[in-house]
Amino acid sequence: MKFCKPKPKSILSLDIGTKRIGLAYCDPLCITSNILPAVKRFENNQEIKIIRNYINEFNLTGFIVGIPLDDEGKMTTQAIDCKNYGQLLSNELKLPFSYVNENSSTWASSDRFGIKKDKSGLIDSFSAKIILEQWIEEGPELEVIAGKRHIKY
């Protein structure tokens, strides 16, 4: 599936893991991307307050969620968790968003930024930066999709 380069906008990128969520954001013209501290995931989703604070602080207008599809482009167990979390965020934040295939972003961030054996969440946020850079180049465009089925795999 080929996507078109999206219109520039300030967005938040999330690399969702089972323990932490890596975060990165870009300026409204998509010229610079920056990492934010990764947030710990809680069973009651209280990390959404932190994510909302970042969105307000940096005046972000949407978000993307990395989906780790397998090498054949099929949903993995982690991809299903990411998809569900993206839908939860959409319902909570009421912002347009999209999913991005982020197969191997952690390995790519480890190689590109030289991060090894990280327990702080730094690698997660650098992975979110890689996902964001991929979105800036390939899209897809963000959609307002609260309550709609969005990803078709």
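I began with Arg41, which at 18% relative accessibility counts as buried. My cut-offs: buried is under 20% relative accessible area, exposed is over 50%, and partly exposed lies in between (1.4 Å probe, protein chains only).

Note on the source: this is a predicted model, where local features need pLDDT of at least 70, side-chain atom pairs count only at pLDDT 80 or more, and totals for chains, interfaces and linings use all residues. Residues are numbered from 1 along each chain as its sequence is written, and side-chain values use heavy atoms, with hydrogens and water left out.

**Salt bridges**

I searched the whole structure and found five salt bridges. The criterion is a side-chain nitrogen of Lys or Arg within 4 Å of a carboxyl oxygen of Asp or Glu.

What is the partner of Arg41 in its salt bridge? I find Asp81, with the closest N and O atoms 2.7 Å apart. Arg41 sits in the loop between β3 (33–40) and α1 (47–57), and Asp81 in helix α2 (residues 77–93), so this pair ties together parts 40 residues apart in sequence. Helices (H or I, at least four residues) and strands (E, at least two) are DSSP runs, numbered from the N terminus. Asp81 is partly exposed, at 25% relative accessibility.

Next I took Arg20. It forms a salt bridge with Asp124, and the closest N and O atoms are 2.7 Å apart. Arg20 lies in strand β2 (residues 20–26) and Asp124 in helix α4 (residues 122–138), so the pair links parts that are 104 residues apart in sequence. Arg20 is partly exposed, with a relative accessible area of 23%. Asp124 counts as buried at 12%.

Then I checked Glu72. Its salt bridge is with Lys74, the closest N and O atoms being 3.7 Å apart. Glu72 is exposed at 64% relative accessible area. Lys74 counts as partly exposed at 48%.

**Helix α1**

Which residues of α1 are buried? I list Glu47, Ile48, Ile51, Tyr54 and Ile55. They cover an arc of only 115° around the axis, which puts them on the same side of α1. The arc is taken over directions from the helix axis to the C-beta atoms. An α-helix has 3.6 residues a turn, so residues three or four places apart point the same way.

I then looked at what the buried residues of α1 pack against: β1 (11–16), β2, β3 and α2. Contact here means heavy atoms within 4.5 Å. The face turned away from the buried side carries the exposed residues Lys49, Asn56 and Glu57.

Last entry: just after α1, Asn59 takes a positive phi of about 50°.
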